[in-house]
Amino acid sequence: MSVHNLGIWVLLLFFFGCNQVSSNSESDDTNNQENPDSEWLISSNEVVDGGPGKDGIPSIDSPTFAPAHEIKYVHDERLVIGLKIRDEIRAYPHQILDWHEIVNDQIGDEYFSLTYCPLTGTGMVWDRVINGEITEFGVSGLLFRNNLIAYDRLTDSNWSQMQMRAVNGSLSGESVNSEYKMIETTWKTWKTMYPESQVLTTNTGYARSYSGYTYGESYLTDDEYILFPVKNENDRLPNKTVVHAYLPENVENHELEIRVFLKEEMPDRIHVINEEYAGNHIVAAGSEPLDFLVTYYSMLEDGTELEFSPVQDQLPVIMRDQEGTEWNIFGEAVNGPRTGQQLQPTKSYNGYWFAISDFFPKACIYPSVS
């Protein structure tokens, strides 16, 4: 490990060891990183101890929110993950997710966890009702190919975030439901779209430098700054290019030819791509200037195949179909003959190219077809 990386870990261990101010406590056995009851579904020699230990990176289990106009700690260029469940719209800034990685949350009778791995830049929302029981997810302290391994507090099974499945423990092989309506964009764009949304506050119960960067600002762009070994190196794109990965089939298959979209292929204010890939009709909509990219299935339940074109300067509306219906960034029809309908979200997430290609070496980058 380089001196630079070693310094980062010393800093992390200082924060996780000295700055906790909540009343949460850990018993000795919570730091045990082995689960003797089952084998790993992933290569066990690639499962590494990230350093802080189990729950050393503390999840947020009682999140608090405030209206967007009251939030002062988020900088315009920093990223947030936005979520919409029913009529509730919430934003979770990277500035907090960097330090906690998991937020266990609830809207009405919907129980979910927002999971974010700052090492791979991957964020997604998981249903935390598993086999009919409500659980919480925590940070195991383990990593697989630089990526977060979460654990559920119901069975202590370990879950690979990017594979979206349990890879060790009694739930081994179970997949999580992650088909929530979520987007990732800058705080500036988010405020423009949803100025009345609720935003996660810094009232977390922990003292962290939420205005800073957990691994330093250079981690976001320095292609050589990767903390743990990369098994499948791939130079088709710079390592820290943020891409949008669409997973059309079984995420467990590392040879899967997933589809990758780039914001740089969307230089307009709003750009739309209609595509058939792996037998599925999808639409990708995004903007490099506005810093977002989303994908949805464009085939409706009634068999209608929609073709989309971009809508400019009407955020959060981003596209219009051939029938005249306008759709917002969450895939909701908000004006026109199909008002009230919802596009099915794809199984997809954003992440650094080095991580996406490490998990999926055969990833197919748009517009290439092989």
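Modeller: Let us begin with a term: two residues are in contact when heavy atoms of theirs lie within 4.5 Å. Please keep in mind that this is a predicted model.

Biologist: Leaving aside its neighbours within four places in sequence, which residues is Pro 195 in contact with?

Modeller: Pro 195 sits in the loop between α3 (187-193) and β15 (198-200). With a relative accessibility of 39%, Pro 195 counts as partly exposed. Once neighbours within four places in sequence are set aside, the contacts of Pro 195 are Ala 68, His 69 and Trp 190.

Biologist: What distance separates the C-alpha atoms of Pro 195 and His 69?

Modeller: His 69 is among the contacts of Pro 195. Along the chain these two residues are 126 residues apart, yet the separation of their C-alpha atoms is 6.7 Å.

Biologist: Of the contacts with a separation of 6 or more, what share do residues 24 or more positions apart account for?

Modeller: The chain contains four helices and 26 strands. Among contacts with a separation of 6 or more, the share from residues 24 or more positions apart is 61%.

Biologist: How many salt bridges are there in the model?

Modeller: A pair counts when a side-chain nitrogen of Lys or Arg is within 4 Å of a carboxyl oxygen of Asp or Glu. Asp 98 and Arg 78 form such a pair, as their closest N and O atoms are 3.8 Å apart. By this rule the total is 19 salt bridges.

Biologist: How many residues apart in sequence are the parts that Asp 98 and Arg 78 tie together?

Modeller: The salt bridge joins Asp 98 to Arg 78. Asp 98 belongs to helix α2 (residues 94-100), whereas Arg 78 is in the loop between β2 (65-67) and β3 (79-85), so the parts tied together are apart in sequence by 20 residues.

Biologist: Is Arg 90 buried or exposed?

Modeller: Arg 90 meets Asp 105 in a salt bridge with an N to O distance of 2.9 Å. Arg 90 lies in strand β4 (residues 88-93) and Asp 105 in strand β5 (residues 102-107), so the pair links parts 15 residues apart in sequence. A residue under 20% relative accessible area counts as buried. Arg 90 has a value of 11%, and is therefore buried.

Biologist: What is the volume of the largest pocket, and which residues are closest to its centre?

Modeller: The largest pocket has a volume of about 710 Å³. Its lining comprises 27 residues, and those closest to the centre are Leu 79, Leu 220, Val 242, Asp 291 and Tyr 352.

Biologist: How many residues of the lining of the largest pocket are charged?

Modeller: Both α2 and β14 (181-186) supply at least two residues each to this lining. The lining of the largest pocket divides into 10 nonpolar residues, seven polar ones and, as for charged residues, 10.

Notes:
Residues are numbered from 1 along each chain as its sequence is written. This is a predicted model: local features need pLDDT of at least 70, side-chain atom pairs count only at pLDDT 80 or more; totals for chains, interfaces and linings use all residues. Side-chain values use heavy atoms; hydrogens and water are left out. Buried means under 20% relative accessible area, exposed over 50%, partly exposed in between (1.4 Å probe, protein chains only). On a 1 Å grid over the protein atoms alone, a cavity is a set of points where a 1.4 Å probe fits but cannot get out, and a pocket is an open set with protein on both sides within 12 Å along at least five of seven lines; lining residues have an atom within 4 Å of a point. Grid points are joined across faces, edges and corners, and a volume is the space filled by probe spheres set on the points. Ala, Val, Leu, Ile, Met, Phe, Trp, Tyr, Cys and Pro count as nonpolar, Asp, Glu, Lys and Arg as charged, and the others, Gly among them, as polar.
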